[in-house]
Amino acid sequence: MSDPAAIWSRLAGLTPARIGLGRAGSGLPTREVLRFGLDHAQARDAVHAPLDEPALTRALTDLGLAPLTVGSQAPDRATYLRRPDLGRRLATEDRAVLEARAAKADLAIVVADGLSARAVHENAAPLVSAFKPLVDKAGWTLAPVVIARQARVALGDEIGHALGARAVAVLIGERPGLSSPDSLGIYLTFGPRAGRSDAERNCISNVRPAGLTHDRAAFKLHWLLDRALAVCLTGVTLKDESDRALIDATAASVLPGPAHPSA
């Protein structure tokens, strides 16, 4: 019979989920209690940590972008956490700033703190770096990149509309899990305007080195945006078939071409 401890150890190595923790009397071993406490503290810190705007601005500027900074109607973090509705509305004074920069563009990119500034610090610039060459290759036009403070996903609708963009991609820190305080989400909406529902968006989740890598996330976003601009919609009616496209592209790159006639 296989050793149960070895089986649990092997399974635990395949997932960050808490399985096979063992026991000490009627409770968990001390090391597991301490690990849980650490992960819980990291998740709480991710929610409350402020966005490092100067560092994020430098990182995006180094990519050849000139980001604008705006805020929601939530004046501080405590209000933001208690009043999600204020995080969905653009500060009045910032709307005029964006409208002054409005121009016809295919996409507006919004980098928002959301519920994990850590996720933004660690993943936003690498993701934009991986995505930008795909934008250039497709010939799409970009509105000014916007950094948004105290922002919820729906804030991107007002930002995209104010900038006159056909679509908006919101890169936002996701609600931290006990094993993923650094997870970034991407929400793509065609025809952004206030009042859009979550059913009208496509979501790419768990963007981080231990989840969906930056290159893979950039590929997915490129595929979805290409389809969104072609059919003029996003959301539940736009099915994400990018994995199939990636498999086909990978197969095409590794399979040998036809034999030369003289071979």
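This is a predicted model: local features need pLDDT of at least 70, side-chain atom pairs count only at pLDDT 80 or more; totals for chains, interfaces and linings use all residues.
Residues are numbered from 1 along each chain as its sequence is written, and side-chain values use heavy atoms, leaving out hydrogens and water.

**Surface patch**
- Ile-7, Trp-8, Leu-11 and Leu-14 form a nonpolar surface patch with about 390 Å² of accessible area together (Shrake-Rupley method, 1.4 Å probe, only the protein chains shown as cover).
- Leu-11 lies in helix α1, residues 4-12 (helices are DSSP runs of H or I, at least four residues; strands are runs of E, at least two; both are numbered from the N terminus).
- Leu-11 is partly exposed at 32% relative accessible area (buried is under 20%, exposed over 50%, partly exposed in between; 1.4 Å probe, protein chains only).

**Ser-72**
- Ser-72 sits in the loop between β1 (68-71) and α4 (77-82).
- Ser-72 counts as buried because its relative accessibility is 8%.
- Its C-alpha atom is 4.9 Å from that of Ala-91, 19 residues apart along the chain.
- The side chain of Ser-72 reaches the backbone oxygen of Gln-150 at 2.5 Å.
- A polar atom of the Ser-72 side chain lies 3.1 Å from the backbone nitrogen of Ala-74.

**Helix α8**
- Eight of the nine residues of α8 (155-163) are buried, so this helix is largely enclosed by the rest of the structure.
- Among the buried residues are Leu-155, Ile-159 and Leu-163.

Definitions and conventions:
A polar contact is a pair of N or O atoms within 3.5 Å; within protein, one must be able to donate a hydrogen and the other to accept it, and residues adjacent in sequence count only if both atoms are side-chain atoms. Patches are made of residues with over 30% relative accessible area and no salt bridge: like charges are joined within 9 Å, nonpolar side chains (Val, Leu, Ile, Met, Phe, Trp, Tyr) within 5 Å. A salt bridge is a side-chain nitrogen of Lys or Arg within 4 Å of a carboxyl oxygen of Asp or Glu.
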